Amino acid sequence: MTPWLPALLVAVAFTAALVSPLVAADEVVVYSARHYGQEPAFEAFTNQTGIAVKVLTGDAGPLFERLKAEGGRSPADVLLTVDAGNLWNAARAGLLSPVTSTTLAGNVPAHLRDPENKWFGLTVRARTIMYSTKKVAPAELSTYEALGDPKWKGRLCLRSSGYIYNQSLVATLIKRHGEPRTEAILKGWVANDPKLIQGDTKILEAIAAGQCDVGIANSYYLARLLAKDPNVPVGIFWANQQIHGTHVNVSGAGVTAHARNRASAIRFLEFLSSVEAQQMFATQSMEFPVNPKAEAHPIVRSWGSFRQDDINVASAGEFQAAATRLSDRVGYR
Amino acid sequence: MGAGSLLLGTGLAWLVSAYRFPGSSLFAWALVLPLALPAYVMGFVLLGFFEFSAWLPDVRGWWGVTLTMTLVYYPYVFVLARAAFQEQASSLMEAARSLGRSRPRAFLAVALPLARPAIVAGAALAMMEALADLGTVSLFGHRTLTETVYRTWAGMFDRIAATQLASLLLVGAFALLVIERATRGARHFLNRPRGGRQLVNVTLEGGSAVAATAACAAVLALGFVLPVAQLVVWAWSRGLAAGMAQTFTTLLIDTAWLAGGAAIVITLVGLALAYARRLDRSRLTQLATEFSAMGYAVPGAVIAVGTLGPLAFADRALASALRTIGVGDVLLTGSVAGILFAYLVRFLAVALQGLDAALVRIPRSMDEAAQSLGVAGRRLLGRVHLPMLRGSLGATMLLLWVETMKELPATLLLRPIGLKTLAIEIWERTSESLWEEAALPALALVLVGLIPLLVVTRLTRRTSG
């Protein structure tokens, strides 16, 4: 079919124009599964060092697959993602390389980074109990476990168990309490017929609207809601203060296994853990800074200090599969 | 959901092509508009709208998902069915009427069976699309096979188990296609000869006219006007300009050309395959083309990850090839070529279904007549078939443009660093629950989707009128 030959050539030329050239430059390429509030810190880094930062956003799982597929030819230098479980999985899949940095070790508390130094927490979020200030007195609340008490039947709002932050919460509970006890906790929640709502913000709005009285959500979502409307009738309660402390999670980053600009990537991470950058994170996203020397947003500070569960956040990854299986078993969707 | 889209799509298509009532010419094209709204946008708008109303049953129930999906996917049936009704000769309907059939019965006996390939194709598309729809279902907190696939993979990082589950999805998709082929059987659908008159529109009066207008208006309101109004309100509350103008132009342009390029490439491949089906009736060709369309029922996320493997393989092969001829290193992974490949896998069904259905309606006698006049081979396609297919080609490209523009998971994963589309911008906002901030890009996406919609509706109207 000779008439098709020119068309074929055009197609080839067309394709050639569409592939991505691979060139190294003094820049840091970040694969990011975190999409909010980091831009000012990135810009500040470029301003100070002259090193450009390029970002590719995506969901954690697919991004990992892309990194794997690209292998040694990947343009990525840094992998940034929310959730310690994700970071743990990335490290286990061989996507990250260990970094020895006294700066990072000094800025990031030990329980918020990888014991093997392949990733470092950059921001902290507490996943804890939220309640209606109109219908619930804080004295009625105590632990995650106590949300399985029959008095909360029909009053509880949860996100589905497939949601990564819930997986990590359940995984940490397994690490703390063991599987049988965690199973009992989840059974208690399920017995209370929780309303499943997708989106932490939506859970808070449902509590505000009176659709449910208690729920579990990440701290910064409430802070953002309060920033818009200080009169939202939702309060935050620090769970498990009498025992291990409230469950916290991180967003964090590591240098990729095949980074082309490894030195710049390390410098980038060190900068992100500095007080200056941490302050920007805290103001923008209303999370807790990981660096104890930086200050949280005023709204977040107004909640007072609390005891964090100081278990290493890596356990969220170790027990992730167990958490998923357990949730399926007890019928927590 | 499938039944809903089928009824809604066919019913409305018949209403606007066979009757005349207040607003009918407006509805003829306006009812396509919900197509410009991605399901994930429709989902979050409807949720936001109904979520906290006490007088409705919980919108997160099955009816919420079903309603959303029906509203988003019925236009597939509507577009194809309307085109089919328009291509029908009125003489057939008149013959049926002169034999004493009432209009509704003539519709059931003549018009409906004639349009069936198009209607079934549309419904199959709608159902495959729904099968693959992960975002909407999970937005409403339901568990489907698709969601389980994703969860197994994303939650347990168990790719093997997820692959096994995904193949179940493929079986479901294949079953849909087999059913469609089986019901069509070996019948051939003959079209009017060129020059046959169009359907004559019957003017509705009184109560039935009001009812027809109300029915169309209600669907249009729920499926398009309300969601868009909600988006406008949200966008307004965030301050419309807000310094986004500049990044916005880039977003718009990138979105439009990426989707436009994809629409052309996929339509060409689809045409080639549909043509192959016509020329070569062997089992192998039929089966192979059938298989090539199955990607449509696979969630975009699965396609995206699935194409990574072949792309990486091609990359390694390419790298060694390029090294030998001393050209610089390139990557297919994370290139536009990679995205187009994924789009092709995912959306080939849209082109194949539409064009195949259109080709089937061109009688073979026409080929033979052309051949006897010495028009054969490539010229047969160019001089006989393409002019007759113009409407369907336009409609196919329209569907593809809008589809690829809304596509999220594959674009997200396979794009080059720095390329961003409106869908990605929306996703970045909604994944952080910043609904109001997502409203502006969502609105822009709807608007860009409207342009091809309007162009093609005018195009098809001209060729058929």
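1. Val28(A) stands opposite Val53(A) of β3(A). Both elements belong to a predicted model, in which local features require pLDDT of at least 70, side-chain atom pairs count only at pLDDT 80 or more, and totals for chains, interfaces and linings use all residues. Residues are numbered from 1 along each chain as its sequence is written, while chains are lettered from A and ligands numbered from 1 in the order in which they are written. Strand β2 (residues 27-33) and strand β3 (residues 52-57) of chain A are parallel and share six bridges; strands are counted as paired if DSSP finds at least two bridges between them. Helices (H or I, at least four residues) and strands (E, at least two) are DSSP runs numbered from the N terminus.

2. Within β4(A), Leu79(A) is the bridge partner of Tyr31(A). Six of the seven residues of β2(A) are buried, so the strand is largely enclosed by the rest of the structure. Here a residue is buried if 20 or more other C-beta atoms lie within 10 Å of its own, exposed if 12 or fewer, and partly exposed in between, with C-beta atoms placed from the backbone.

3. Handedness of the crossover. A right-handed β-α-β unit is formed by β2(A), α2(A) and β3(A). Right-handed means that, with the strands pointing away from the viewer, the path from the first strand over the helix to the second runs clockwise.

4. Helix α11 of chain A. This helix spans residues 275-285, and its buried residues are Ala277(A), Gln278(A), Met280(A), Phe281(A), Ala282(A) and Ser285(A). Their cover includes α2 (39-49), β6 (120-132), α9 (219-228), α10 (262-273) and β12 (288-289) of chain A. Contact is taken to exist if the C-beta atoms of two residues, placed from the backbone, lie within 7 Å.

5. Most residues other than glycine have a negative phi. Met286(A), which follows α11(A), has a positive phi near 65° and is placed in the loop between α11 and β12 of chain A. Met286(A) is buried, because 25 other C-beta atoms lie within 10 Å. Asp193(A) likewise has a positive phi, near 55°, and is found in the loop between α7 (179-191) and β8 (195-196) of chain A. Asp193(A) counts as exposed, because it has 11 other C-beta atoms within 10 Å.

6. Domains of chain A. The assignment gives domain 1 (23-124 + 249-295) and domain 2 (126-247 + 314-330); such bounds come from an automatic or database domain assignment. The C-alpha centres of domain 1 and domain 2 of chain A are 28 Å apart. Across the boundary, 12 residues of domain 1 of chain A are in contact with 14 residues of domain 2 of chain A. On the domain 1 side, helix α4 (residues 84-92) of chain A gives the most, with five residues. That side of domain 1 divides into four nonpolar, five polar and three charged residues. In this division, Ala, Val, Leu, Ile, Met, Phe, Trp, Tyr, Cys and Pro count as nonpolar, Asp, Glu, Lys and Arg as charged, and the others, Gly among them, as polar.

7. Overall make-up of chain B. Chain B has 19 helices and three strands, and buried residues make up 50% of its 465 residues. Among its contacts between residues at least 6 apart in sequence, 82% join residues at least 24 apart. One residue of interest is Leu71(B), in helix α4 (residues 62-87) of chain B. Leu71(B) counts as buried because it has 23 C-beta neighbours inside 10 Å. Leaving aside residues up to four places away in sequence, Leu71(B) touches Pro34(B), Met42(B), Leu222(B) and Gly223(B). The C-alpha atoms of Leu71(B) and Leu220(B) are separated by 9.0 Å, although these residues are 149 apart along the chain.

8. Nonpolar cores. A nonpolar core is a set of buried Ala, Val, Leu, Ile, Met, Phe, Trp, Tyr and Cys residues joined through C-beta atoms within 7 Å. In the largest, of 132 residues, Leu80(B), Ala81(B), Ile266(B) and Leu400(B) touch the most other members. Helix α14 (residues 336-360) of chain B supplies the largest share of this core, 19 residues. Apart from this core lies another, of 98 residues, including Trp152(A), Ile164(A), Val234(A) and Ala239(A).
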